[in-house]
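Hello,

Here is the structure I promised to pass on to you. Have a look at it first, and then read my notes below.

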Amino acid sequence: MTQGKNKTSPGALRRASRLAAVQALYQLSLGGQSADGGAVEDAIMEFLTHRLGAELPEDAYAEVDNDMFSDLVRGTCRHQDGLVKILDAALPTRWRYARLDQILARVLSCAAYEMSQRPDVPVAVIINEYVEITKAFYDGDEVGFINGVLQEVAGNLRAEEVLEHRNERSKSR
């Protein structure tokens, strides 16, 4: 439910960008397409041209921050090998990235990309946003699983920021 191009808040645009990026990454994974530059650019263009901000009879797509959406899709694909290593280090021993459900894998990849490559975005925001995205797809244990893995990733990648956030929260109580 967008309110028009001039009334959508920056936060809502970023939130929609994250969800759309997960969807585009999922589409790329299902298509059996390699994440080469051509396939990635085609997926980005398809979403920007035909889906995002469009209202179709069966669905309405939210407006997004085009730059953020494109960065998330390109960056997640470009850094995928490194992101898998980051995620495998945070996942429980019996689970590895390659064994994850495709949607869970895309949510975690996109979040790990933001944590590793976007220091301008607070880790608490990243975790909250991707937990909320997970709720759009699942209503079971997956939400807690995503939260736990992202907390671990945050501790591994941005330990100082996590500690600072915990200290601020304990002071405000």
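To start with the contacts (heavy atoms within 4.5 Å): of those in the chain with a separation of 6 or more, 69% are between residues 24 or more positions apart. Please keep in mind that this is a predicted model, where local features need pLDDT of at least 70 and side-chain atom pairs count only at pLDDT 80 or more, while totals for chains, interfaces and linings use all residues. Residues are numbered from 1 along each chain as its sequence is written, and side-chain values use heavy atoms, leaving out hydrogens and water.

The chain has 8 helices and 2 strands (DSSP runs numbered from the N terminus, H or I of at least four residues for helices and E of at least two for strands). Their order from the N terminus is α-α-β-β-α-α-α-α-α-α.

Of the 173 residues, 39% are buried (under 20% relative accessible area, 1.4 Å probe, protein chains only).

Leaving aside neighbours within four places in sequence, Leu87 is in contact with Tyr97, Leu108, Ser109, Ala112, Val149 and Val153.

Best wishes

Terms used: Buried < 20%, exposed > 50% of the residue type's maximum accessible area, 1.4 Å probe, protein only.
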